[in-house]
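Here's a quick briefing to read alongside the model. Have the viewer open and click through as you go.

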Amino acid sequence: MKRTIDWKEAFWLGAGVLPSILVAIGAMAAIVGTPSILVWTLSTAIGFMQLFLYAELAAIFPNKTGGASIYGAVAWLRYGKIFAPINVWCYWITWSGALAVTAALAGNYIVTAFLADTPLAKFSITLLDLSGILPGITFKLNGIILCSAVILLLAFYMQHRGILQTAKIQFALALLSLIPLLLLAIVPLLTGKINPANFLPFIPQNTTSWLSGTAFTLMMGGLFIGGYITYGAEIAVCYVSEFKDPVKDTLKAIIVLGAVAAACFIIFPFTFLGVLGMSNITDPAFIGGDPQAAVVKLAEVTFGGGSGKLLTLMLILALILGIVTPMSGSSRTLYQASIDGLFPKFLSKLNKHGAPTRAMWADLIFNMVLLSLGNPIFVIAACNVAYLLCVFMNLNAVWMLRRQLPNQPRAFRAPDWLVYWGGPILSLLNLSFIIFGANVFDPNALWYGLGAIAIIFPIFYYRHYIVDKGVWPESARKDLEISEET
């Protein structure tokens, strides 16, 4: 891939993770109650510590792209062929699945705010109803889905001319959307709009003690949701092979993005709860992932009314920002996994601008199918389970690679205590969030996640054993330092 960007462009490419907090503040508060701000803080702290481990992973492979799981898969490959594709697949479906969720929200804004009285708003047809066999599975087409599809196509087009051009567009989108959102979060802190009474009683809802089993379960459920949002700054290491100076740019990109994201992930929930209180941020629309429901109220308190349409447009731009980020990252995961012999071979092609367009098309088609499902909750549940599983694998991969490749040059080395103690402890924490917290989010969340993960088995079997005859591609053997027998 072409080395055309530095850490600043990578920051703007990853800036789409910043507004993602808005779609989860309500859901978190509805589950945990007023201590949701504590959950966001803890989850953010965990995510920030993990960034230093991801930085070392990326430093080992300066010529690879696609994110932490691409690098972590090298370590797990030694313990069995299937572990590598599982790790990468979990990472990919996490980031790719976010496209449909975010695009559906943007499509809803466009229809409800600007096209509510048009025939498009009333248009709806059922393409295939499988609810009798698989509850909740109905493929349909309506105005919101069509607008969401247009948003996805726009995000695809924005990236077609290469990563540098994409970064410039992300910069413009960030200025137009993030600055107003940051003002909404910060101005109430400076003008005394925070009401301390909104944080009381500071105890998980429906409990009488922090030491109860219910309190523990609710907190774990909150941390299960929080990780999907607060760990997102690690996407900065997706672009290592496109950095002009991978040694310096990787660490700067992930730390700067991580620091800014951490500030947003703590300040936004604090301001929303402190200004609006539990009754407003647990509004059913806000819980359902519609930030407009509370953003407009917060804007009225902060700046006065009369800005509904403008705020909606700002949120649409923020959501487009949040679509380009996972599309750029997840398409590079597909591309590199194809190069390494884990995913289908046709994905390992770049266009003349160095963009992985075939992988982008795969992302686009996959999410068009998800959109036609009407954005059911199992998509988010499956992504959460898959993501925390790959986080578990990647955090352990750091110390595993210290032992497997001790002489491999590392432009950055995380502190030994973090690699050998912090990484394993944090990995077990993330695994416990799945075990104890997944079903708080949805009773079947764990099964949704395991079902989504299982899809990789036939895909990898076809690529490795039928296409490649059980032999790793030559480039992969050299790059991953594996023998033909591995």
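What follows covers a helix, some aromatic pairs and a serine. Keep in mind that this is a predicted model.

**Helix α12**
- Helix α12 runs over residues 292-303, and its length checks out: at 1.5 Å a residue, its 12 residues should span 16 Å, and the end C-alpha atoms sit 15 Å apart, which agrees.
- Quite a few of its residues are tucked away: Gln292, Ala293, Ala294, Val295, Leu298, Ala299 and Thr302 are buried.
- Residues three or four places apart in an α-helix point the same way, because there are 3.6 residues a turn.

**Aromatic pairs**
- Searching the whole structure turns up 20 aromatic pairs.
- One of them joins phenylalanine 199 and phenylalanine 270, stacked at 4.9 Å centre to centre with 20° between the planes.
- That pair bridges distant parts of the chain, 71 residues apart: phenylalanine 199 is in the loop between α8 and α9, while phenylalanine 270 belongs to helix α10.
- Phenylalanine 199 is buried because its relative accessible area is 10%, under the 20% cut-off.
- Phenylalanine 270, at 31%, counts as partly exposed.
- Elsewhere, ring pairs tie Trp89, Trp92, Phe343 and Phe366 into a cluster.

**Serine 177**
- Serine 177 sits in helix α8 and is buried, with a relative accessible area of 0%.
- A polar atom of the serine 177 side chain lies 2.7 Å from the backbone oxygen of leucine 173.
- Setting aside neighbours within four places in sequence, serine 177 is in contact with Met314, Leu317, Ala318 and Leu321.

Methods
Residues numbered from 1 in each chain as written. Predicted model: local features only at pLDDT ≥ 70, side-chain atom pairs only at ≥ 80, totals over all residues. Heavy atoms only, no water. Helix = DSSP H or I, 4+ residues; strand = E, 2+ residues; numbered from the N terminus. Expected span 1.5 Å × (residues − 1). Buried < 20%, exposed > 50% of the residue type's maximum accessible area, 1.4 Å probe, protein only. Phe/Tyr/Trp six-rings, centres within 6.5 Å; stacked < 30°, edge-to-face > 60°. Polar contact = N/O pair within 3.5 Å; in protein donor to acceptor, adjacent residues only side chain to side chain. Contact = heavy atoms within 4.5 Å.
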